[in-house]
There are 2 protein chains.
Amino acid sequence: MSELINRQIRLNKRPKGEPSPDDFKMAETSVPPLNNGQMLIQTLYLSVDPGMRGMMEDKESYTPPFSLNDVLTGRSIGRVIDSKNENFAIGDMVYERLGWQDYSISDGENAQKVDQNLTPISSYLGVLGVPGLCAYFGLFEIGQPKKGETVVVSGASGAVGMAAGQLAKHQGCRVIGIAGSNEKNHYLKEELGFDATINYKTTTDMGMALQEACPEGIDIYFDNVGGEITHAALTLINYHARIIICGQTSQYNLEHPPMIPGNFDFLIKKSALMKGFVVYDYADRNDEAVSYLARLMNEGELTYEEHIVEGLENAPQAFMDLFKSKSFGKQLVKLSD
Amino acid sequence: MSELINRQIRLNKRPKGEPSPDDFKMAETSVPPLNNGQMLIQTLYLSVDPGMRGMMEDKESYTPPFSLNDVLTGRSIGRVIDSKNENFAIGDMVYERLGWQDYSISDGENAQKVDQNLTPISSYLGVLGVPGLCAYFGLFEIGQPKKGETVVVSGASGAVGMAAGQLAKHQGCRVIGIAGSNEKNHYLKEELGFDATINYKTTTDMGMALQEACPEGIDIYFDNVGGEITHAALTLINYHARIIICGQTSQYNLEHPPMIPGNFDFLIKKSALMKGFVVYDYADRNDEAVSYLARLMNEGELTYEEHIVEGLENAPQAFMDLFKSKSFGKQLVKLSD
């Protein structure tokens, strides 16, 4: 195997504001022989996630930052092509945080086998993966939706937003999605059954648009974006509202985030709850979530979309596009069949 | 009784920024005869509360706003001096939201008898009243303190803050109080056993001061003030921190609140919870709270302070002083013995 050439995407410099092509660089290395206990994984799909932007900063967060020249890593699906690990055999499909590279060596400790017969393997990076789990735990644990409540989802055409909105619909809620194009919003309404949508790019007054879409106020706000959209939503919350802080995508590239009034009185006035989370908080309940989501998929109550870009060399562009609202559903990079 | 002269404090105009003397006016009326089912209450103690500032705005909140020329109302203790209500007899002591006036007529529906033998009656406006209940439900329901955790209390020398800090100490937490004078802070440390204090008026760098006082970060932030102090505290929260939004006193007089970054990513990074509340949310559990607080008082584990101003005519000044950080403990106005 040592003659394999391993292409890698490395962090060339730390982005300032929006990431740009020269923040990344391509390198080539060889693949060393396996030690006992190791396996060689060929990358099939990489997930590009807005959260990786934070790891490119030189700041401690819930995951440690990348160092300069590091191979970028992210959630991935790969195929075992060689193994000296007794728990994994050639041909196994695994989910792991792999490098943005053609081949990875793993000791298997953080690898999970996935069932390639149950569902297309890419869905383990989307609706059955972290985005689906975010939707599930955020909505049910923090949101606790009740029939008839009004749920607003920002970033509604992303993998998390689509799943969260559909789960809320399934609970009998009225669901309003906020996304960045009429085409996306059309899909949310016609295909996923959202009750109303707002195109934040063409709406001049988000407060007014939300007020029209939510005549009975907002009971649950599922936030993937932060910033002005969130600020507008917070002015419309109802008594005992739940505000789920899942992502703040609009903020990750900003060196100086926009300012909002430093007054949390709105939480007192409505006895409202605001909670941030990451899926790892609920790691011991993954199976419960995955089986619920898989059941809904099989019943046709949960649909997902993927936006698949081909080729490792296009991973940086796919990542950059996340912040331009170009993607639709789960953004993936496919390296091999 | 009709010859009684009833002095009243009315809302003369809506304050702009900090309330000023000409926002209030004194009026005199007579007391009409009682109808069946009514009783006449002589006001003994008025509670002046920062929350009343919000009711002086022409805005809907958790309580409806005052109209111009309305007699101001607030939580009060009074004595029944005449009664055509079978549930209340002359001599009974009652807790009710009364007007800022010498005499009130009540149908008894929202009046609660208080036991004048159990504790000084004024404590039903403080440690056994709304401030004590705020401390109890905020700390225990939202904060859920665990032994050894670090708890920061802002507005620590107010009635809520003092009680919250002592309850947290009783749970075995490390408690840091933020207050506006060295004298107050000395009291918090020496008399109430707070572990550390910060004088926000003389501290030039609140972030640094908090970092020094909380070397292991902040697990619970009990917020009574909002603004810059809160912003500094939020940068130091630990994983699974609980942020209790009880009051935002620093903000109530501001026409344009200071701005903070519009980014709730800090809640995601720490899987933190932020929750506003009012005591009415827990109205059905008042008895539980009062008996807990009374027990701690009797055991000497819960001390309280009152700052009592004499005379109805001084109620506006007592209210204005709330925002100048002049009061210490519960601010009361005494009208009669």
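A polar contact is a pair of N or O atoms within 3.5 Å, where within protein one must be able to donate a hydrogen and the other to accept it. In this predicted model, the interface of chain A and chain B holds 11 residue pairs in polar contact, with both residues at pLDDT 80 or more. The count of salt bridges between chain A and chain B is zero.

**Extent of the interface**
- Contact between the chains involves 34 residues of chain A and 34 residues of chain B.
- About 3000 Å² is buried between chain A and chain B, and carbon and sulfur atoms give 64% of that area.

**The side of chain A that touches chain B**
- At least two residues each come from helix H6 (227-234), strand S12 (237-245), strand S13 (259-261), helix H7 (265-269) and strand S14 (273-276) of chain A.
- By class, this side of chain A comprises 19 nonpolar, 11 polar and four charged residues.

**Strand S14 of chain A**
- A:Leu273 of S14(A) is the bridge partner of A:Arg242.
- In a regular strand, side chains alternate between the two faces of the sheet.
- Both faces of S14(A) are covered, with A:Leu273 and A:Lys275 buried on one side and A:Met274 and A:Gly276 buried on the other.

Note on methods
Residues numbered from 1 in each chain as written. Chains lettered and ligands numbered in written order. Predicted model: local features only at pLDDT ≥ 70, side-chain atom pairs only at ≥ 80, totals over all residues. Heavy atoms only, no water. Contact = heavy atoms within 4.5 Å. Buried area = accessible area lost by both parts, 1.4 Å probe. Salt bridge = Lys/Arg side-chain N within 4 Å of Asp/Glu carboxyl O. Polar contact = N/O pair within 3.5 Å; in protein donor to acceptor, adjacent residues only side chain to side chain. Helix = DSSP H or I, 4+ residues; strand = E, 2+ residues; numbered from the N terminus. Nonpolar A, V, L, I, M, F, W, Y, C, P; charged D, E, K, R; others polar. Buried < 20%, exposed > 50% of the residue type's maximum accessible area, 1.4 Å probe, protein only. Pairing = 2+ DSSP bridges.
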